Amino acid sequence: MPINPTEQELANVIRGLAIDAVEAAGHGHPGAAMGMADIALGLYSKHLKFSASSPTWHDRDRVILSNGHAAIFLYSLLWLTGVPGIELEDLKSFRKGGSITPGHPEYGHTPGVETTTGPLGQGLGMAVGFAMAERRLREEYGEAICDHRTWVFAGDGCLMEGVGQEAVSLAGHLGLGHLNLLYDMNGITIDGNTDLAFTEDTASKFKALGWHVLEADGHDHSEIDRALGSARNEIGQPSIVLFRTTIGKGAPTKSGSSKIHGSPLGVDEARVAKEALGLPAEPFEIDDQLLSAWRSFGTRSDAEREAWHSRVDALPERQHSEFHRRQSSQLPAGLFEEIEAQKVTWIEERPAVATRKASQLCLEVLTRKLPELIGGSADLTGSNLTKTNTTETTFSRSSSGRYINYGVREFAMGAAMNGLALHGGVRPYGGTFMVFSDYMRNAIRLSALMQTNVLYILTHDSIGLGEDGPTHQPVEHLASLRAIPGLAVYRPADVVETMEAYETVLATGGPAVFALSRQNTPLVRDHQPSENLVSKGGYIIRDVDGPRDITLLATGTEVALALGAADMLLAQGIKAAVVSMPCWSLFEAQSAAYRSDVLGQAPKLAIEAATPFGWARYTGSERNVIGVTGFGASASVEELYQMFGLTPENITSEALRIIIRNSKPYAA
């Protein structure tokens, strides 16, 4: 081996690792990794600001693999450059149970992985969020503290997906000049050539969207270098480099075809390919000089990182501590005391407002206290009530304000918020109608998988939105969202519960959905306890003296209805306890003893303006649920609630029916 390895030899190391790892696993996607190897060499050896020994350094360039099926490509780069915590043995364990090298990159699972990818296009959407966060922090703290690029590898599928289309449109509109898209234009999908379904003029399209467009041969190292340099130097527009590549570059018979997209090369093809590429026949064997060269790429920015730390240390004390607080996702002193004082005020004043308005009242307090909160909406600001006095300034091409107008791009909003949160230093929330959560469901799912600090403000949460009718009235959505593991779904009953939900999310972290009403609802708390009751997921909001005759369970705007029914029942000598259950997952996390005390032994009736699905775990049967068993209708909220039996009078009648059917006496 020459003392100074050639660029081709260095790129072929990636190809060899991709071949060997996929062969060892027996499955995987070697084609894209082999096709993008030359681009990766150019990026890591000359253009990437990256210090492998400190993969979480704040001012590093971010590398995102939107075409996440090429995971071995990313894992190989992390190991080759020397990221601590990932070893050659991990590449040998690719896609095996218990390994840190799963089939698609997973945030928090593998050192150096910036975000979970795999669902095509979402990495691109998240990259937009990363770039937005970088620009916001650069404007706040200056280029000496925050000045890095986001590089996102993407394939044909990422640009076909709707979320990819939404994301690149938003990025061009905002002029995100520190965002660089490296398009692996290999012309192959699982079904065959992209001509089967994708024939648009990508270069012209991106120019029209406001992008800086470059084209290069993805296997010519000089062209790659020039294109990457031009992309890095462009700061007024996001850049895309259309790299013409060959999928499976180096495979003798399968390169350039769909046969190498998602399958091992096979023993014979792998042997011939490695021989032609000048690679050792032994799997995972790498020449020391080649590995040493790759390791040197991982140290290129070490001096720059040390200089950055010195600049951060030189910041004025207040700015220095605030920067570190936000980077470590810590909350400021005095926040919870201010929240507590506000709850006391509301209990005294007793505002009867829609919970979407309650959310805005809470956000007025929180955005004032937390400068890291970045708001937004998918073209429904006036309906979601997501803008506050503190977030009046809009994020635009000319200003990185604290409010993002995402336009009618729900999926891109969800993906971008994941990127904003993963970048660090900011904490996003974004609003749309609950029924449109379906458009961004996969982004919500990734929030839960990664446990990102993202708040989804979903208003118009039931048939209570009224005259817009069943196309806009969510029915199955609460049950669907509650089914996502790791996602906290809150449906608060009033402004106090809403604030306690925000307080809980801020204290515990992770993603959350807030299901909020269009219609007004009274304050249901008559006093402020010493603890946050919403943090328990469910609690007794009205108890009875002695044994219960029935327990009424409700969420959101139906809690007030349940309380009204309890009054009616009491007038008939029936003792009904009322339980508010704003967050099922938190309630399930409580001890069995606590849950038993709250639910009691009496028969139960649940009331919620949504599908009864799921309530049987608490009531014993869906017969004991007053809900919405079909789609809604176009009518006033009063008519609709009467139509579906969501009234104190009908709740009272149903409760009496259940009590009669369960005539056996019960203890509390």
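This section walks through the salt bridges, the cysteines and a charged surface patch of the structure. The model is a predicted one, and residue numbers run from 1 along the chain.

Salt bridges come up first. A search of the whole structure turns up 31 of them.

Another salt bridge brings together the side chains of glutamate 372 and arginine 325, at 2.8 Å from N to O. Here glutamate 372 is in the loop between α15 (355-369) and β9 (373-377), while arginine 325 is in helix α13 (residues 317-327), so the contact ties together parts that lie 47 residues apart in sequence. Glutamate 372 counts as buried because its relative accessibility is 7%. Arginine 325 is buried too, with a relative accessible area of 10%.

The bridge between glutamate 588 and arginine 595 has its closest N and O atoms 4.0 Å apart. Glutamate 588 has 32% relative accessibility, so it counts as partly exposed. Arginine 595, at 24% relative accessibility, likewise counts as partly exposed. Elsewhere, salt bridges with shared partners connect Glu340, Lys343, Glu500, Glu503 and Arg525 into one network.

What about the cysteines? Searching the whole structure for disulfides gives 0. For cysteine 362, the closest cysteine sulfur is that of cysteine 583, and at 16 Å that is too far for a bond. The cut-off for a disulfide is 2.5 Å between the sulfur atoms. Cysteine 362 counts as buried because its relative accessibility is 0%, and cysteine 583 is buried at 0% as well.

Finally, there is some charge on the outside. Glu467, Asp468, Glu638 and Glu639 gather on the surface in a patch of negative charge. Of these residues, glutamate 639 lies in helix α25, which covers residues 637-643. With a relative accessibility of 48%, glutamate 639 counts as partly exposed, as the cut-off for exposed is over 50%.

Terms used: This is a predicted model: local features need pLDDT of at least 70, side-chain atom pairs count only at pLDDT 80 or more; totals for chains, interfaces and linings use all residues. Side-chain values use heavy atoms; hydrogens and water are left out. Patches are made of residues with over 30% relative accessible area and no salt bridge: like charges are joined within 9 Å, nonpolar side chains (Val, Leu, Ile, Met, Phe, Trp, Tyr) within 5 Å. Accessible areas come from the Shrake-Rupley method with a 1.4 Å probe; for residues, only the protein chains shown count as cover. Lys and Arg count as positive and Asp and Glu as negative; His and the chain ends are not counted. The place of a charge is taken as NZ of Lys, CZ of Arg, CG of Asp or CD of Glu. Helices (H or I, at least four residues) and strands (E, at least two) are DSSP runs, numbered from the N terminus. Buried means under 20% relative accessible area, exposed over 50%, partly exposed in between (1.4 Å probe, protein chains only).
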